[in-house]
Amino acid sequence: MKIVLDHLTKRYPNRTKGEADVIAVNDFNFEIPDGKLIGLLGPSGCGKSTTLNLISGLETATSGKIWFGDDDVTNVPPENRGVGLVFQSYALYPHLTVRQNIMFPLENVKGKDRLTKEQMKEKALEAAKLVQIEMLMDRKPSQLSGGQQQRVAIARALVKLPRVLLLDEPLSNLDARLRLATREEIRRIQTETKLTTVFVTHDQEEAMSISDFIVVMKDGIVQQIGKPQDVYDHPGNLFVAKFLGTPPINVFEGKVENGAIVVNGERILEIEGVEDQDVYVGIRPEGFLLDEKGTFHCAKKQVEVMGRDTSIVFDNPASVSESLRAIITLDNRDAIGDTVCFALKPNKVEIFKKDTEARIDYTVKGA
Amino acid sequence: MRKIKPWLYLLPAILFLAAFMVYPLIDVFIYSFEEGYNSASQTFRGVGLYNYMYVLRDPYFIQALKNTFILVIITVPLSTGIALLIALGLNSIPKLKDLFQTIFFLPYVTNTLAVGLVFMILFKKTAYSDGLINMLINMFGGSSIDFIDGPYWAKMFVLCFYTVWIVLPFKILILTSALASVDQNLYKAAKIDGTSRWRTFTRITLPMISPMIFYLIITGFIGAFKAYSDAVALFGTDLNAAGMNTIVGYIYDMLYGNGGGYPSYASSAALILFAVVLTITAINLTLSGSGNKK
């Protein structure tokens, strides 16, 4: 079931007189292809949860339309939309067993579509098997770990065979190790059920790792939509560039001058096709190469070794970022002097307009 | 040394409790078995169950027991049910919730006797007026009823009405906060799954607030068994004459009432009340315990 969001806008009237309304979601346009996993990504307050609630029907849109396939569901109440929603807090009914929790949506059905008790139990068991909790059916939610509760919540959302599966911050209540395992689990369940799935997260790594597409939002406005790697490699603006990637991209004040990107008076990369202007220069941590002939000179602050990565924390007068970091491959780290010379990988260097912060396309000289 | 320290901290409280709680309790227990006890001369004829026999055969006590039971059985479920309805109503009108919560809470901070006076005005038949309620009854074509000095059922109706009204505020307060503390996400989840309103109420709301309901029922039972001042406020101090005495009222009469001076009968009656309350509470706890098993 594809989902079409057509000029979707949600506006909350402001309570205090004279202040402007809060626009939680502003003119959201996107067609989510059938059977794909979409990650809505952004900092808190960016409107991603509101978007999810609009799709689920818990909130009604101020303007714009929502389509599930060929059905206009904009004004359809949530119970008739056929969505399964997994809450951040799971929202399991604490006084019911796992089985009763999963069967709950089925028991709501009235009339001829209502299943017999046996069929319900069977369906519940099927859903439980899909998320691998069939041995926990008679426990209460309080007797389960966070990860197990999460699976119960997913099973409850899946049991009524929804057209669309929605997940609100599904991993944020889990510890780091479980998060890794669970996100793969979500991907597996999604692939098996082939359900169009939308999930909300503020964790870019989570979104990048399992989504078919990610939607980066800020202040209710969609910043960029695309495949995770494309968005990472070609961020549309400085915000997206800064939001994606850990450690974050290093940003400098700089300019384009006489066919080169200039930072702190040094010509760090020869380029073509861009007029002279002031720019922000973003360099991914993995875009630095230690090179004695490199043109980019920076002051070393410290060298950190974390597992397989060696990173140099350094300083530069033109820096805008809080800290600058380069990840390098190097065995002899004692060889790093107080001043480090970097050469740069061209595809890891982005430039952004000073005023709009939009990305500027360029070509590397000689490439 | 280490063992003594905590006891030292507790000592003041223990002393007070011993002097003002434990000693009198034991004393009451002893009095109830001392036959013909005279509080002036501190003498008694013998030890036995005569006091209990007397009290249980005393028609005034039987009447008080009957009144109290009727009061408890009618007002506790009724007041809890009405409070639940009002709390649910309050919860669904976010705008005026605070205003109504204040209005509903007013009886709680009003003095029992003052409220009794208001009820007298509402219900009492005097030479000049039949009272507000009777005026209403007359308006709808009924004939006046004397609620204060009239038939038993009318007096019991007023007493129950009054009791329900006076205990409502506290129950509403407890239940509105219980309702507000239910995780709103549960309702959202239920909504997404197309749960009907009735089913949401019976399968989610009720189980989630059931500990509070049980708390209200237990304290309601205990409170209603100890009713006394309410009856005095409505029917005056001579409750036996009005036929509206309660167990606590009977105990008071035995101690200080007209003739007064029967601490042994009073003690027996007090222990009978204690036994009744204990039994009912135990039954309540057993029922709620089996309902809430994890």
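Predicted model: local features only at pLDDT ≥ 70, side-chain atom pairs only at ≥ 80, totals over all residues.

Reply: Residues are numbered from 1 along each chain as its sequence is written, and chains are lettered from A and ligands numbered from 1 in the order in which they are written.

Me: Why are S6 and S10 of chain A called edge strands?

Reply: Two strands pair if DSSP finds at least two bridges between them. The open sheet has six strands in the order S6-S7-S8-S3-S9-S10 (chain A), with mixed pairing. In chain A, S6 and S10 (221–226) each pair on one side only, so they are the edge strands.

Me: How do you know that S6(A) pairs with S7(A)?

Reply: Four bridges join S6(A) to S7(A) (residues 164–168). The definition asks for at least two, therefore the strands pair; they run parallel. Within this pair, A:Leu85 stands opposite A:Leu166. S7(A) is also joined to S8(A) (residues 196–201), by five bridges and again in parallel, with A:Leu167 opposite A:Phe199.

Me: What makes residues of S6(A) buried, and which way do they point?

Reply: A residue is buried if 20 or more other C-beta atoms lie within 10 Å of its own, exposed if 12 or fewer, and partly exposed in between, with C-beta atoms placed from the backbone. A:Val83 and A:Leu85 point one way and A:Gly84 and A:Val86 the other, and all are buried. In a regular strand the side chains alternate between the two faces of the sheet. Of the 367 residues of chain A, 40% count as buried.

Me: How do you know which residues of chain A touch chain B?

Reply: Two residues are in contact if their C-beta atoms, placed from the backbone, lie within 7 Å. By this criterion 16 residues of chain A are in contact with 15 residues of chain B. Strand S6 (83–86) and helix H2 (98–107) of chain A each give two or more residues to that side.
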